[in-house]
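Subject: Structure handover

Hi,

Here is the structure I promised to pass on. Please load it before reading further.

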Amino acid sequence: MEKKITCSGNPILYLFLHLLINLKIFTAKMATAQIIPVRVGVVLDMDDYGKMAFSCISMALSDFYATHDHYRTRLALTNRDSKYDVVGAAAAGLDLLKNVQVQAIIGPMFSVQANFLISLGHKAQVPIITFSATSPSLSSLRSPYFVRATLNDSSQVGPIAAIVQAFGWREVVPIYEDNEFGEGIIPFLTDALENVNVRLPYRSVVPPLATDDQIVAELYKLMTMQTRVFVVHMLTNLGARLFAKAKQLGMMSKDYAWIVTDSVTNELNSMDPTVVESMLGVIGVKPYVTKTKELDDFTVRYKRRVRQTNLNVYGLWAYDTAIALAMSAEKAGLDNLTYRQTNTSTNSTDLEAFGVSLSGPKLIQALSSIEFTGLAGEFRLVDGQLQAPPYEIVNVVGPGARVIGYWTKENGIVKELNFTSVSDDNLGSIIWPGDKSSPPKGWVVPTNGKKLRVGVPAKVGFTEFVRVTWNSDNTTKVEGYCIDVFDAVMAALPYGVPYEYVPFATPDRKMAGNYNDLAYQVYLGKYDAVAADVTILGNRSKYVDFTLPYTESGISMVVLIEEDKSENAWVFLKPLTWQLWLTSFCSFLFIGFLIWILEHRINEDFRGPFWYQFGTIFWFAFSTMVFAHKERVISNLARFVLIIWFLVVLILTQSYTASLTSMLTVQKLQPTVTDVNVLIQNKEYVGYSKTSFVFGVLKKMNFDESRLRPFTSLEQMDELLSRGSGNGGVAAAFHEIPYIKLLLGKYCSKYVMVGPTYKTDGFGFVFPIGSPLVPDVSRAILNVTEGQKMVEIERKWFGDKTKCLDSNALLLPKNLGLASFWGLFMIVGIVGIAALIIYAAKFLSENSTVLNHSDPESTTWSKITRLIKKFDNKDLKSHTFKKHKPSEKDDYYDVDDDPSNFSPTTYGHSSPVFSSSPEQNTEIDPNENERTTAMQANEIK
């Protein structure tokens, strides 16, 4: 058996164990003595939400110190109940500062409770750290001792604006609590929506303690408006009641779109399932929390510890806040945790009786530099604010919410999100209110029974566009081109819009102003739209919105047509400009001379006495104009040149014939004026519409204001033009193209539209700025103007203009200029010069002995003279002269064929073009005797 060892049997071992135990106890006591407790206050409403947050804070400290047992500091929590009240939160904070002298305060829970507590912390230099007060207005206090360990509400306006923009909604109504929490986000939301051209026509404010009747009354007010897109920013309790009542009133139907902020979205899991069911189709945004193993483990442990309260992101932020504060306390090296008492009088209140923390500055500095990865994500403070992560976009379906996309500051809305790349897809499929898959258009016609008030001018003239007629019972009948177009456009909308026409008139039934005044009535809210011949102008678009134009744009000039009775004996010269005449004449001479050069030595038709050959050059050249030349062309080079020349002549003659025919037959009528500058130079009177903006345009064109005469109707316009400038009328009238069309439709054989068209944007319908009707009406205008309906409306009011003369046909035909034919002349020139160069090269090559003659008495001029003489003689080597033997009858032959001399006593004299007497051609080339003798022998044979 083994021997049993006991302490009594071994006193040395017993002594050693006793010493070891005492040493461990002493070490533990020493460690306990070195721990520095840091008092931290916690101000919360101790309901289920507050208990959840306090549990997360307690678990955070327990977890942190379990893994950081070597830290000298330990946070000691002191909890105070703020009792759901601003005063309760202030009293709790004051008690912690005065009686407990805490080094930091975590809380309060809500933004409305935070203002006064932040001021207390600033005075006591104690950090106030909130994990749930999100109002942007708290940042305006600019206290260095305020730390927001949660997200600022302003960080979610970006994803909200992106959602509104993605679906093309133009108006949004915010619904928010009437307190600091609700109002804080509105300035930021307004700016974000305005950046994407979205208006807030109304702001719905609901008291935090509103009764059900108050909520219903506000919802009824929203139902009477046309906007159907709402952004709800409320705490969970009030938001749940709002959606329950909206469901009862039928406001969760297909026409509505609801967007909720993270104050509701973050707590969907803790809301009553019946309320969540009533929120079917709602879109929500909330911060994106990365799924990690640490978060899963904490969630499991939390549910084991707290079984009745659901965990949300605010609990995670509370957990991270406690961790950050614990790390800061250790990092700051706190050693003096007392308050410095201030000098206060005996009559001071509790608000003045507390001191100033000596460790506060070091603690807030350490806290500002803390960075770590917490349960809610990256914890990093910038200017005392937690930096925002990406946002999730969720769709409430069934008992919960489904993620349909994400939003990041860098990429906007995306469908998938990871840490390396962002996809470019849009949002996923969405279930909208009413269980619909298609998004609502965001607005409807108001249900309060009101119709669109459409203003129309009570015009005096040009009533074909708009005509207002008063009946005996004081009702009105509105008709005209613009009215028919507006009716057709509204009928083409995919939904019905009730409207009524309201005349823009004074009590005596006259027009109440000009068109600028009419458009301004829409800005003032008197009219919801204007249907008239209102031109789209830049200055008007500053206060109203225009649809796309439904008429042609531009300002033009209309003048009288007069018959051309002038007779001109020289009209046959007008088809061509003088430059083209001169170029053609020179070209004919060039071609005649070139053909003579190419044919002179080998063609009898181009030889003879000097004046005969001179006349041949002119005759041949100009006879080609009508292809009447009788001379036969032998040289291939000449034939090639003539082929090109005949093509040019054909084109010229045909063009000349066509232009002359047009001048003699078509030119029967012509406008009295075709150039605006002529009117200005001659100081002619010019007409303009009195109610139009054309007057300003004419002044910019430098027309003398005293030379401008107004008209107000079509008949007056016709009368002024008929009189003429010298008889109290006008030489021309300027107006917009639709009005000119109307004039031509009635007097198409009397007037014509001429001159340039000055750009304008045409007629458009007027709506208030940001009206959701504008894009739909503009699309309907495109559908109407592209169809047969528009043609029928124009024919109805403007008549059939197919029988009217085209203004282009009345203008004088333009002369044909050199610019139209320079390419042809260039080709002829190139071909002719090339042929001349080839011929000269060949001629010089054949007569190289003349150029290379080494006689010392021979000069350059003598060589040139001999070359000219050789050119003037016949080329007996040509096939045209090889049919018979040369004799005296053959006057002209090549000098190379004569073995003796060149006198007319042998084989004849040279052509008189270059020599006038036989003596001038008797010189013999002694070096050519041998070659000449051989050639003679061949001829005899």
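Predicted model: local features only at pLDDT ≥ 70, side-chain atom pairs only at ≥ 80, totals over all residues.

Overall picture
The protein has 941 residues, and 48% of them count as buried. Its secondary structure comes to 31 helices and 31 strands. The accessible surface is about 46,800 Å². Carbon and sulfur atoms supply 55% of that area.

Cysteines
I looked for disulfides. With a cut-off of 2.5 Å between cysteine sulfur atoms, the count is zero. Cys 482 has 0% relative accessibility, so it counts as buried. Cys 586 has 43%, so it counts as partly exposed. The cut-offs behind those labels are under 20% for buried and over 50% for exposed, with partly exposed in between.

Helix α9
This helix covers residues 236-248, which makes 13 residues. At 1.5 Å a residue it should span 18 Å. Its end C-alpha atoms are 19 Å apart, which agrees.

Which residues of α9 are buried? They are Thr 236, Leu 238, Gly 239, Ala 240, Leu 242, Phe 243, Lys 245 and Ala 246. For reading that list, recall that an α-helix has 3.6 residues a turn, so residues three or four places apart point the same way.

Gly 250 follows α9, and its phi is positive, near 80°.

Best wishes

Definitions and conventions
Residues numbered from 1 in each chain as written. Heavy atoms only, no water. Helix = DSSP H or I, 4+ residues; strand = E, 2+ residues; numbered from the N terminus. Buried < 20%, exposed > 50% of the residue type's maximum accessible area, 1.4 Å probe, protein only. Areas by Shrake-Rupley, 256 points an atom, 1.4 Å probe, with all protein chains shown as cover. Expected span 1.5 Å × (residues − 1).
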